Amino acid sequence: MVIYGLALVLMAMLSTGLGELAGVGGAIFLISDGLIALRSFTTMELPGASFWIMLSYVVGQGLIAMEVIQRTGREHGAPAPRRSRP
């Protein structure tokens, strides 16, 4: 369990090296697994725990994926997305 916990913290820390979105995504993913640990290893029960676990998991992984996609596009010379004018 300690090794898994250290791996999660390391992943969250290393995700900051990709960029801001990935760093936030890594932190949110760490929260997701923290909620799983809270539910699995304590008697505490967060109302709607399954919902919050899945929401934080999907958002965290989504932000990491968005950063990777953006970074890959920049590295391969893809044009930057256009911003619409108000």
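1. The second largest pocket of this predicted model is lined by Met1, Tyr4, Gly5, Leu8, Leu30, Asp33, Gly34, Ile36, Ala37 and Phe41, and its volume is about 180 Å³. A pocket here is an open set of points on a 1 Å grid over the protein atoms alone, with protein on both sides within 12 Å along at least five of seven lines, whereas a cavity is a set of points where a 1.4 Å probe fits but cannot get out; lining residues have an atom within 4 Å of a point. Grid points are joined across faces, edges and corners, and a volume is the space filled by probe spheres set on the points. This is a predicted model, in which local features need pLDDT of at least 70 and side-chain atom pairs count only at pLDDT 80 or more, while totals for chains, interfaces and linings use all residues. Residues are numbered from 1 along each chain as its sequence is written, and side-chain values use heavy atoms, with hydrogens and water left out.

2. Helix H1 (2–15) and helix H2 (20–41) each supply at least two residues of the lining of the second largest pocket, and the largest share, 6 residues, comes from H2. Helices are DSSP runs of H or I with at least four residues, numbered from the N terminus. By class, the lining of the second largest pocket divides into 7 nonpolar, 2 polar and 1 charged, where Ala, Val, Leu, Ile, Met, Phe, Trp, Tyr, Cys and Pro count as nonpolar, Asp, Glu, Lys and Arg as charged, and the others, Gly among them, as polar.

3. The structure also holds 1 cavity of 30 Å³ or more, and the largest cavity has a volume of about 40 Å³. Its lining is made up of Leu35, Leu38, Arg39, Met44, Glu45, Leu46 and Ala49, with the largest share, 3 residues, coming from H2. The lining of the largest cavity has 5 nonpolar, no polar and 2 charged residues.

4. Thr42 is placed in the loop between H2 and H3 and is partly exposed, with a relative accessible area of 37%; buried means under 20% relative accessible area, exposed over 50%, and partly exposed in between (1.4 Å probe, protein chains only). A polar atom of the Thr42 side chain lies 2.4 Å from the backbone oxygen of Leu38, and a polar atom of that side chain lies 3.2 Å from the backbone nitrogen of Met44. Leu38 and Met44 are also among the residues that line the largest cavity. The C-alpha atoms of Thr42 and Leu63, 21 residues apart along the chain, are separated by 29 Å.

5. Ser32, in helix H2, is buried with a relative accessible area of 1%. The side chain of Ser32 reaches the backbone oxygen of Ile53 at 3.2 Å. Not counting residues up to four places away in sequence, Ser32 touches Ile53, Ser56 and Tyr57, contact meaning heavy atoms within 4.5 Å.

6. How many aromatic pairs does the count come to? The count comes to 2 aromatic pairs, and one of them joins Phe29 and Tyr57, a tilted pair at 5.6 Å centre to centre with 50° between the planes. Rings of Phe, Tyr and Trp (its six-membered ring) pair if their centres lie within 6.5 Å; planes under 30 degrees apart count as stacked, over 60 as edge-to-face and the rest as tilted. Phe29 lies in helix H2 and Tyr57 in helix H3, so the pair ties together parts that are 28 residues apart in sequence. Phe29 is buried at 11% relative accessible area, whereas Tyr57 is partly exposed at 36%. The rings of Phe51 and Trp52 have their centres 4.9 Å apart and their planes at 75°, so this pair is edge-to-face. Phe51 is exposed at 51%, while Trp52 counts as partly exposed at 41%.

7. Glu67 is located in helix H3 (residues 49–75) and counts as buried at 6% relative accessibility. A polar atom of the Glu67 side chain lies 3.2 Å from the backbone nitrogen of Leu21. Leaving aside residues up to four places away in sequence, Glu67 touches Leu18, Gly19, Glu20, Leu21, Ala22 and Arg74.

8. Val2, found in helix H1, is exposed with a relative accessible area of 61%. The C-alpha atoms of Val2 and Met66, 64 residues apart along the chain, are separated by 29 Å.

Note on methods. Polar contact = N/O pair within 3.5 Å; in protein donor to acceptor, adjacent residues only side chain to side chain.
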